[in-house]
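Q: Please take a close look at one part of this structure, and describe how that part sits against the rest.

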Amino acid sequence: MRGPDVPAKALDARALAALAANPGCSRRAILDGAGVDKAALAGALGAPSGFGQSQFALTRGNAFEARVKADGGAELLRLAHSRLDPGAEPPTGAAAVPDLSAPGPEGRTARTELALREAAAGGGWTLLDHPMLALDVAGSPAFLEPDAVVVHPGGTWTVVEIKSFPMLDGAADPSKVGAAARQAAVYVLALEQVAARLDPAPRVGHQVLLVCPKDFSNLATASVVDVRKQRAVTARQLARLTRVEEIADALPEGVCFAPDRPAEELTAAVGAVPAAYAPECLSACELAFHCREHSRAADTVTRLGRPLRAELGGLATVGDVLAAARGESGDPDDPAVAALRRAAALRAEALRVVHPRTEPLPEATPCR
């Protein structure tokens, strides 16, 4: 499906959080499940992605993370103790940092599970630096790599998210914190699966530690983010995802998403898989520009936002909505149709009051 010489792109927590936020998009499910590089695919389709981090942001983030984890994670453990577990015995110096290296993601996942098992049994503070976790997604395993996991002396496991955006006066950008919470919720789900295989099962904390630079300095500060809501939503949405095999079985024979194929062939291949575009995709998916262009061409209501689409029931296109509002189509007993006609009547009455005239009023036009 990718082509024989195209390497697979592994799913990460950021991609899973976006996939869970739009479970009805078969296009993203099949491309992510097949390991297709959507950024390269978007470029080959003539709609380059504006999604993703700059190289400068990645470099700055890696440097800050290395600073936070220096000296055996002493600063990181100090923050975890003061913010999450002040009643526990404070960490003294560097924590136990087990070696998690192993061949392949399966080997690293097994080594991480063994380290978590040993840390839960041993007591004390333990820092797992970039552990590898596995999570089943629509019948396919996804290997995830959180920044860190801290094991408390009482046995609790806490996910740590290290970000390079600042906390100003103790608060960070709410949209960035929300994105970090959705990403951390995926890690919490994966950790819960590991904990369920142990007896007794350790407690996985639903409060994650978000570590960021303090104000405009390079010093680390942290806040506690409760991800119970994001965890519940992500678990429910991932459970609703159609299995990748079921989507693939419905595709035409020979469909290939390799970016080196001709643009016309790629356009037909991508168009063979249904998408569920919404404006939120612009900040979460590399194919958003391509899907937006085709959504506009199809005149779909979804491109105006999922809340509006949910309110309109069976009216799938802007043309259907305008025709229903003008009384040209639609069931008058349908609440959406009745509301549209009432809104159109109120608009016409308001325009007559403000601009009285004898000629017909101009027709309503959709937002573009």
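This is a predicted model: local features need pLDDT of at least 70, side-chain atom pairs count only at pLDDT 80 or more; totals for chains, interfaces and linings use all residues.

A: Residues are numbered from 1 along each chain as its sequence is written, and side-chain values use heavy atoms, with hydrogens and water left out.

The protein chain has 14 helices and seven strands; helices (H or I, at least four residues) and strands (E, at least two) are DSSP runs, numbered from the N terminus. Of its 368 residues, 40% count as buried. Buried means under 20% relative accessible area, exposed means over 50%, and partly exposed lies in between (1.4 Å probe, protein chains only).

Helix 1 is largely enclosed by the rest of the structure, because seven of its nine residues are buried. These are Ala-13, Ala-15, Leu-16, Ala-17, Ala-18, Leu-19 and Ala-20. The buried residues of helix 1 pack against helix 2 (26-33), strand 2 (133-137), strand 3 (140-144), helix 7 and helix 8 (228-240).

One of these partners, helix 7 (residues 174-196), has an axis that comes within 8 Å of the axis of helix 1 (residues 13-21), and the two cross at roughly 100°. Axes here are lines fitted to C-alpha atoms, for helices over the stretch in contact, and angles run from 0 to 180 degrees between N-to-C directions. Helix 1 is therefore roughly perpendicular to helix 7, a term for angles of 65 to 115 degrees. On the helix 1 side, the contact (heavy atoms within 4.5 Å) is made by Ala-13, Arg-14, Leu-16 and Ala-17, and on the helix 7 side by Arg-182, Gln-183, Val-186 and Tyr-187. By class, this contact has five nonpolar, one polar and two charged residues; Ala, Val, Leu, Ile, Met, Phe, Trp, Tyr, Cys and Pro count as nonpolar, Asp, Glu, Lys and Arg as charged, and the others, Gly among them, as polar.

The whole structure has 15 salt bridges, each a side-chain nitrogen of Lys or Arg within 4 Å of a carboxyl oxygen of Asp or Glu. In one of them, Arg-228 pairs with Asp-226 at 2.7 Å, N to O. Arg-228 counts as exposed at 53% relative accessibility, whereas Asp-226 is partly exposed at 32%. Elsewhere, Glu-286 forms a salt bridge with Lys-38, with the closest N and O atoms 3.4 Å apart. Glu-286 lies in the loop between helix 10 (263-271) and helix 11 (288-297) and Lys-38 in helix 3 (residues 38-44), so the pair ties together parts 248 residues apart in sequence.

Note on methods: Angles under 35 degrees count as roughly parallel, over 145 as roughly antiparallel, 65 to 115 as roughly perpendicular and the rest as oblique.
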